[in-house]
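Keep the viewer open as you read.

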Amino acid sequence: MTDSPRRIALVTDSTAGIERLEPALRCAVIPLTLEIDGTLYKEGSDLSAAEFYRLLEEAGSPPGTLPPGVDEFAAVYEPLLAESESVLSIHLSGELSRTVDRARDAARRLGAEERIAAILAECVARHDLEAAA
C-alpha cells in the first residue's frame, strides 16, 4: 500500500516559529534574512535565537528583515506541488515585510495561483479570535 499524496502542504517563513510549537508538523520553513548593524544573517542557519537576542542588545540600530526571493519560494513550492494537491503559505505581516508578495509572485511564476494560497499570518490570527468570540 502506498501513501496517498498530502492534500495540503504547509509553508511558512522563519518568523512564525511553527516548527518549534509542533515539531511533528510537516512544515516547510523559508528563512528570512535579518540585517543587524549592516551585517546580513539567514534566520536559523546563520543565526540562532540566542545569538539574535545577544546581537539585538548590542545593536546600534533596530534590526531589519529582508524577504526571501521569488526563486527561493519557487524552489520550495515546486516539490510540494508535485506531492500535494495545494499549498498553504502563511507569512509575516505585509506591514513588516514583502514576504507574502514574494510568495505570491512565485505562485504566479509557477502558474500555480489556483493551488498556492499565500496569506498573512495576521489573517489567521484574526480568524482565530473571531471564531473564539
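A nonpolar core is a set of buried Ala, Val, Leu, Ile, Met, Phe, Trp, Tyr and Cys residues joined through side-chain atoms within 4.5 Å. Buried means under 20% relative accessible area, exposed means over 50%, and partly exposed lies in between (1.4 Å probe, protein chains only). Please bear in mind that this is a predicted model, in which local features need pLDDT of at least 70 and side-chain atom pairs count only at pLDDT 80 or more, while totals for chains, interfaces and linings use all residues. Residues are numbered from 1 along each chain as its sequence is written, and side-chain values use heavy atoms, with hydrogens and water left out.

**The cores**

The largest nonpolar core has 18 residues, and V11, F73, Y77, V87, A106 and I116 have the most contacts inside it. Two or more residues each are given to this core by β1, α3, α4 and β7. Its largest share, 6 residues, comes from α3. Another core lies apart from it, with 7 residues, including I36, L47, L55 and A59. Across the protein, 33% of the 133 residues count as buried.

**The overall layout**

The protein has 5 helices and 7 strands; these are DSSP runs numbered from the N terminus, with helices (H or I) of at least four residues and strands (E) of at least two. Along the sequence the pattern is β-α-β-β-β-α-β-α-β-α-β-α. Contact means heavy atoms within 4.5 Å. Of the contacts between residues at least 6 apart in sequence, 62% join residues at least 24 apart.

**The sheet**

Which strands make up the open sheet, and in what order? The 4 strands are arranged β2-β1-β6-β7, with parallel pairing; two strands pair if DSSP finds at least two bridges between them. Because β2 (27–30) and β7 (116–120) stand at the edges with a single partner strand each, one side of each has no neighbour in the sheet. Ignoring direction, neighbouring strands are turned by 20° against each other on average. Strand β1 (residues 6–13) is joined to β2 by 4 bridges, and D13 has I30 in β2 as its bridge partner.

**The helices on the sheet**

Axes are lines fitted to C-alpha atoms, for helices over the stretch in contact, and angles run from 0 to 180 degrees between N-to-C directions.

| Helix | Strands touched or crossed | Angle |
|---|---|---|
| α3 (residues 70–83) | β1, β2, β6 (84–91) and β7 | about 145° with β6 |

In α3, the buried residues are V70, F73, A74, Y77, L80 and L81. They pack against β1, β2, β6, α4 and β7.

V11 touches, among others, C27, A28, I30, V76, Y77, L80 and V87, leaving out residues up to four places away in sequence.

T12 belongs to strand β1. How buried is T12? Its relative accessible area is 0%, so T12 counts as buried. Not counting residues up to four places away, T12 touches I18, C27, A28, V29, I30, I90 and H91.

H91 sits in strand β6 and is buried as well, with a relative accessible area of 1%. The side chains of H91 and D13 are joined by a polar contact of 3.1 Å. Such a contact is a pair of N or O atoms within 3.5 Å; within protein, one must be able to donate a hydrogen and the other to accept it, and residues adjacent in sequence count only if both atoms are side-chain atoms. Beyond four places in sequence, H91 also touches residues including F73, Y77, T99, V100 and A103.
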